[in-house]
Amino acid sequence: MFFRAQVHVKLKSGIADPQGQTIERALPALGYEGVSGVRVGKVIEFELQADGEEAARSRTIEMCERLLANTVIESYEVFVTDEPAEVPS
Amino acid sequence: MSARVGIVVFPGSNCELDCRQSFERLDAVTEFVWHDDDTLPDVDIVVLPGGFAHGDYLRTGALARFSPIMTAVNEHAEAGKLLIGICNGFQVLCEAQLLPGALRKNEGLKFLCKWSELRVDVKGTPFTERADEGQVLRVPINHFEGNWFADGPTLERMRANDQIALRYVDNPNGSLDDVAGITNERGNVLGLMPHPERACDSLLGSEDGALIFGSMLDHVAARTGARL
């Protein structure tokens, strides 16, 4: 079975995020007041073959621990679905 | 007998020639080792030079740590032999968990290319034997991700164990505890962001980098002498 996985990686809370801070300072200049807690991360998505959704999830978590995130400074969230991938136009 | 230095070359490394030149000026014999090799030649010292290994995609050093040569580099370190990671090499060593912590983007989000001053805070490591404690070395930095971080307990343990070998006099990048270079617990692996290989010739403005490489060669000579 094919599954779609999406991994969100960002700096752990408590670790300064200079990109987020810079964006947070830029937004009021464009008139967006009252924005706080900006954090910048990355999204990694892929399809993978697995026997079931749980297997797909645990394989993705293993990938995060070994490669996709550096858990010294980054946290990650894993989203797995069995919905078919969107066909790029 | 001259010490033998293996310099690992990844796709994207760009400081390997400077490292070769600097070690050879100190009468060492150097050899380039391609990242895709499974084994190291017979070397006393391994250098992971600076650059952008594997394009630094995903994270700096994240892909390089899985290069085939890294298994042999790990065994080299486990055998107690000397291993130094410079700049990108330091990032690779942290990703490979041969050194604690991780390198974040510089505070201020600027790529920094300038001279820095490093204070030798731990004398008597194989990397600092030729320097005096508290001696300030003039060595250039050239990085975007040099902002070292480790969690509180790890930092405390490292301080107690004298692993913070080199600190910036004037912290350029936000690095925790002014860290410029650290060793592993055993003391045979050093990672540092500044480039000693670019400070081994007075024509380039400083020869202080040669204190670090020279210390390593002294250490190897003492070990070899002890073996004979």
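Which residue in strand 3 of chain B is the bridge partner of Ile7(B)?

Modeller: Happy to. Please keep in mind that this is a predicted model. The partner of Ile7(B) is Val47(B), in strand 3 of chain B. That pair belongs to a parallel arrangement: strand 1 (residues 4-9) and strand 3 (residues 45-48) of chain B are joined by three bridges.

Now step back to the sheet around them. It is an open sheet of nine strands in chain B, with mixed pairing and the order 2-1-3-4-11-10-9-6-7. Strand 2 (29-34) and strand 7 (136-143) of chain B each have a single partner strand, so they form the edges, and one side of each has no neighbour in the sheet. From one strand to the next, the twist averages 25°.

The largest nonpolar core has 73 residues, and the ones touching the most other members are Val8(B), Ile45(B), Val47(B), Leu93(B) and Met216(B). Ile45(B) shows how the pieces meet: beyond its neighbours within four places in sequence, it is in contact with Ala3(B), Val5(B), Leu82(B), Met216(B) and Val220(B). Another core, of nine residues, lies apart from it and includes Phe3(A), Val7(A), Ala69(A) and Tyr76(A). As background, nonpolar side chains in soluble globular proteins tend to be buried together.

That brings us to chain A. Chain A has two helices and three strands, running β-α-β-α-β from the N terminus. Its radius of gyration is 17 Å, whereas a compact globule of 89 residues would have one near 12 Å. The C-alpha trace of chain A spans about 50 × 35 × 20 Å along its principal axes, and 16% of its 89 residues count as buried. Among contacts in chain A between residues at least 6 apart in sequence, 70% join residues at least 24 apart.

Finally, the two chains meet through eight residues from chain A and 11 residues from chain B. On the side of chain A that touches chain B, helix 1 (residues 18-26) of chain A supplies the largest share, three residues. By class, that side has five nonpolar and three polar residues, with no charged ones.

Methods: Residues numbered from 1 in each chain as written. Chains lettered and ligands numbered in written order. Predicted model: local features only at pLDDT ≥ 70, side-chain atom pairs only at ≥ 80, totals over all residues. Pairing = 2+ DSSP bridges. Helix = DSSP H or I, 4+ residues; strand = E, 2+ residues; numbered from the N terminus. Axes fitted to C-alpha atoms, helices over the stretch in contact; angles between N-to-C directions. Core = buried A, V, L, I, M, F, W, Y, C linked by C-beta atoms within 7 Å. Buried ≥ 20, exposed ≤ 12 C-beta atoms within 10 Å, placed from the backbone. Contact = placed C-beta atoms within 7 Å. Nonpolar A, V, L, I, M, F, W, Y, C, P; charged D, E, K, R; others polar. Rg over C-alpha atoms; globule rule 2.2 N^0.38 Å.
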